[in-house]
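Here are my notes on this one, jotted down as numbered points. Have the model open while you read.

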Amino acid sequence: MCAVSVTERLLAPTDEPATSVDPDASPGADRKRAEDELPELRDRLEELQERLWAEGTRSLLLVLQGMDTSGKGGTVGHVVSSMNPAGVDVAAFKEPTDEELAHDFLWRIERRLPAPGEIVVFDRSHYEDVLVVRVHGLVDESTWRARYDQINAFERRVTEAGTTIVKCFLHISYDEQRERLLARLDDPTKHWKFRERDIDERALWRDYMTAYDDAIAECSSDVAPWYVVPADHKWYRDWAIGTLLVETLERMDPRYPPMDLDVPALKARLRPPH
């Protein structure tokens with residue numbers, strides 16, 4: 001009997017809301033296994049990313065969405081950093097600028113898509129425009145609802161152009177977020193990460209969970225499915241996303257390009273003169 005892959009384990013449920021997944025769970029690994037395997041996963045990621053970069057025809061987009069403190073930056077630091085920065089980029093989407101607001105909501109996203117051979121990580125993404133804008137009433141309901149279809153069409157076009165999309169909802173619990181916010185306040189070196197409005201946002205937790213459930217249900221497609229990553233345990237989050245990336249890249253199976261080199265002749269030229 002074949003083992004169940006992490007890709008299959010974390011695929012967003014279709015028969016219940018995404019936020020019904022237990023954020024304290026760790027499907028597929030206990031802490032010892034996760035911590036033991038992470039160095040090997042990082043090495044494997046580095047190898048596969050090099051092959052993708054060398055192949056130079058396809059690309060990968062990792063989308064990280066989640067509430068504040070869910071670990072988007074931590075994932076970049078502990079998982080993505082294992083890859084060669086020459087072929088990896090991180091785009092952190094914050095509150096849109098005046099220039100960005102003057103365009104369609106996907107305009108700024110299009111500008112940061114990966115080039116052939118690249119892996120790009122979105123720290124927040126186009127989904128902010130069906131999450132934050134919905135919760136805060138920044139646009140009317142007809143506008144944000146129409147964006148589901150626009151996002152699906154956009155992601156299909158991106159995948160048809162050769163980019164594989166991996167979308168991860170880092171699912172943290174309300175209680176765990178409180179502990180992480182308190183830890184930031186207890187550590188003066190983390191004060192720069194703290195924003196007072198993070199506390200205000202907690203009052204809207206249920207609204208955000210509803211918005212996430214709807215966005216994931218509406219925009220989990222055959223070409224760009226959503227994965228729900230329980231994120232209360234940092235060790236599990238890192239292992240799960242590392243494994244997801246490895247499994248995805250192994251399915252892509254990037255290859256080094258064939259080279260027509262006369263190796264003996266080239267070696268001969270490199271030998272020192274007698």
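At what angle do the axes of α6 and helix α7 cross, and within what distance do they come?

1. Roughly 170°, with the axes of α6 and α7 (residues 141-160) coming within 9 Å. That makes the two roughly antiparallel (angles over 145 degrees count as such). Axes here are lines fitted to C-alpha atoms, for helices over the stretch in contact, and angles run from 0 to 180 degrees between N-to-C directions. Bear in mind that this is a predicted model: local features need pLDDT of at least 70, side-chain atom pairs count only at pLDDT 80 or more, and totals for chains, interfaces and linings use all residues. Residues are numbered from 1 along each chain as its sequence is written, and side-chain values use heavy atoms, leaving out hydrogens and water.

2. On the α6 side, Asp129, Val130, Val133 and Arg134 meet Trp144, Arg147, Tyr148 and Ile151 of α7 (contact means heavy atoms within 4.5 Å).

3. Helix α6 (residues 128-135) also packs on α10 (residues 205-218), at about 150° and with axes 9 Å apart. The α6 residues in that contact are Val130, Leu131, Val132, Arg134 and Val135, and the α10 residues include Tyr208, Ala211 and Tyr212.

4. Now β5 (residues 226-230): 5 of its 5 residues are buried, so the strand is largely enclosed by the rest of the structure (buried means under 20% relative accessible area, with a 1.4 Å probe and protein chains only). Trp226, Val228 and Pro230 sit on one side, Tyr227 and Val229 on the other.

5. Strand β4 (residues 163-171) pairs with β5 in the parallel sense over 5 bridges (pairing takes at least two DSSP bridges). Leu170 has Val229 of β5 as its bridge partner.

Notes. Helices (H or I, at least four residues) and strands (E, at least two) are DSSP runs, numbered from the N terminus. Buried means under 20% relative accessible area, exposed over 50%, partly exposed in between (1.4 Å probe, protein chains only). Angles under 35 degrees count as roughly parallel, over 145 as roughly antiparallel, 65 to 115 as roughly perpendicular and the rest as oblique.
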